[in-house]
Amino acid sequence: MKKKSIITRVLTVIALGLLLSATIVAFKTSVGAAYTPDMSNGADNFYKSNKVTMKKVEFKNQYNMNVAGNLFIPKGLKKNTKNPAIIVGHPMGAVKEQSANLYAQKMAERGFVTLSLDLSFWGESEGQPRNAVSPDIYAEDFSAAVDFLGTRSFVDRERIGVLGICGSGSFAISAAKIDPRMKAIATVSMYDMGAANRNGLKHSQTLEQRKKILEEAVEQRYVEFTGGETKYTSGTVHELNENSTSIEREFYDFYRTPRGEFTSKGSSPELTTHPTLTSNIKFMNFYPFEDLETISPRPMLFITGENAHSREFSEDAYKLAGKPKELYIVPGAGHVDLYDRVNLIPFDKLESFFKENLKKR
């Protein structure tokens with residue numbers, strides 16, 4: 001694909017994979033040289049721990065696609081024992097090197113075997129076309145990760161938990177509803193990717209706007225079916241201006257600067273974070289909170305920032321979930337703050353939640 005022909009439709013909203021505006025705009029890839037990312041509160045997305053060992057792994061999901069992951073094992077772990085494990089999913093449109101590896105290492109330092117994974121169609125995992133949206137396959141990847149961990153000699157398959165960040169919070173919940181092997185479920189800065197795409201934040205998107213998005217996406221199917229250029233949507237803007245929203249600035253600061261920018265092999269800066277336009281509408285058929293109470297009595301923990309624009313999704317999930325459940329609000333934190341700001345991320349809370357709920361019975 002020629003670089004100059006890559007175009008995106010920035011829809012209306014708000015998080016990776018969400019609608020940002022109703023206008024198709026050309027991607028601009030320049031990052032202002034004078035821009036300095038906000039590295040406050042210990043922002044450390046590319047943290048490397050000297051207390052754990054990391055091994056790159058691959059395993060098949062039920063669609064026979066290779067799912068790539070990083071397996072983190074605490075140094076000194078006794079391989080002849082059965083240990084608790086946690087699967088960590090990255091934000092929507094991101095890859096495991098963005099937020100997920102950080103969380104996986106920090107939790108491995110606290111005694112857990114952890115596995116960060118690239119969802120299918122993203123990062124080092126298989127799937128064509130790249131950046132495609134498929135909520136069902138995303139959920140399947142979490143179950144495939146349980147398959148992998150549960151067949152390791154040093155993992156107790158009765159003590160596997162899952163941690164989903166941003167969009168992966170909704171994918172992990174979707175998986176947990178039909179996979180009782182996930183014994184404890186935690187989310188951080190969760191997005192209900194279905195509700196966000198159907199309704200926008202705080203139900204700001206009208207039905208007519210939704211229908212317009214659907215019409216454009218299905219018309220684009222004809223273009224691509226007959227060999228035309230692929231279009232991409234939403235994700236993170238490529239430059240800021242005086243009209244940029246606070247949410248655009250929040251994501252830009254992480255995804256378009258050295259704070260968190262990462263381009264996987266085979267991708268390009270023009271495409272990172274952007275799903276394909278024709279597949280993104282599949283989120284409108286995604287209802288992860290339907291029957292959420294059926295996960296009970298397995299425990300759920302919903303972590304969100306006090307000032308997070310996504311807070312409504314964690315609050316909605318908490319209301320719908322069965323017991324035991326907990327909503328944990330981080331004072332002063334926004335949505336992206338909980339991706340990498342280690343001084344704000346409540347690792348102690350996550351440790352206590354998983355230690356209590358993944359202990360031997």
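Me: Where is the place of Ser-264?

Reply: In this predicted model, Ser-264 sits in the loop between helix H6 (246–255) and helix H7 (277–280).

Me: What makes Ser-264 count as buried?

Reply: Its relative accessibility is 9%. Buried means under 20%, so Ser-264 gets that label.

Me: And what is Ser-264 in contact with, leaving aside its neighbours within four places in sequence?

Reply: Val-95 and Gly-123. The word contact here needs heavy atoms within 4.5 Å.

Me: Which residues make the contact?

Reply: H2 brings Tyr-138, Ala-139, Phe-142 and Ser-143. From H3 come Ser-168, Phe-171, Ala-172, Ser-174 and Ala-175.

Me: How do the residues of the contact of H2 with H3 divide into nonpolar, polar and charged?

Reply: There are 6 nonpolar, 3 polar and no charged residues. Ala, Phe and Tyr are among the types that count as nonpolar.

Me: How do you know that Glu-351 forms a salt bridge with Arg-110?

Reply: Check the distance: the closest N and O atoms are 2.6 Å apart. The rule asks for a side-chain nitrogen of Lys or Arg within 4 Å of a carboxyl oxygen of Asp or Glu, so this pair of Glu-351 and Arg-110 passes.

Me: What does the pair tie together?

Reply: Glu-351 lies in helix H10 (residues 347–357), while Arg-110 is in the loop between helix H1 (100–109) and strand E6 (113–117).

Me: Which other residues of H10 are buried, and what covers them?

Reply: Besides Glu-351, the buried residues of H10 are Phe-347, Lys-349, Leu-350, Phe-353, Phe-354 and Asn-357. The cover for the buried residues of H10 includes strand E5 (83–89), H1, E7, E8, strand E10 (300–305) and strand E11 (325–330).

Me: What makes Glu-158 and Lys-183 a salt bridge?

Reply: Their closest N and O atoms are 3.8 Å apart, and the limit is within 4 Å, so the pair counts as a salt bridge. Glu-158 lies in strand E7 (residues 155–165) and Lys-183 in strand E8 (residues 182–188), so parts that are 25 residues apart in sequence are tied together. Lys-183 is partly exposed, at 24% relative accessibility.

Me: How do you know that Asp-179 and Arg-181 meet in a salt bridge?

Reply: Their side chains come to 2.9 Å, N to O. With a limit of within 4 Å, that pair of Asp-179 and Arg-181 qualifies. Asp-179 is buried at 5% relative accessibility, whereas Arg-181 is partly exposed, with a relative accessible area of 32%.

Me: How many salt bridges does the count come to by this rule?

Reply: It comes to 18. One network of salt bridges links Lys-56, Lys-96, Glu-97, Asp-118 and Glu-124.

Me: What is noted about phi of His-203, and is the residue buried or exposed?

Reply: Phi of His-203 is near 55°, a positive value in a residue other than glycine. His-203 has a relative accessible area of 60%; exposed means over 50%, so His-203 is exposed. You can find His-203 in the loop between helix H4 (193–199) and helix H5 (207–225).

Methods
Residues are numbered from 1 along each chain as its sequence is written. This is a predicted model: local features need pLDDT of at least 70, side-chain atom pairs count only at pLDDT 80 or more; totals for chains, interfaces and linings use all residues. Side-chain values use heavy atoms; hydrogens and water are left out. Helices (H or I, at least four residues) and strands (E, at least two) are DSSP runs, numbered from the N terminus. Buried means under 20% relative accessible area, exposed over 50%, partly exposed in between (1.4 Å probe, protein chains only).
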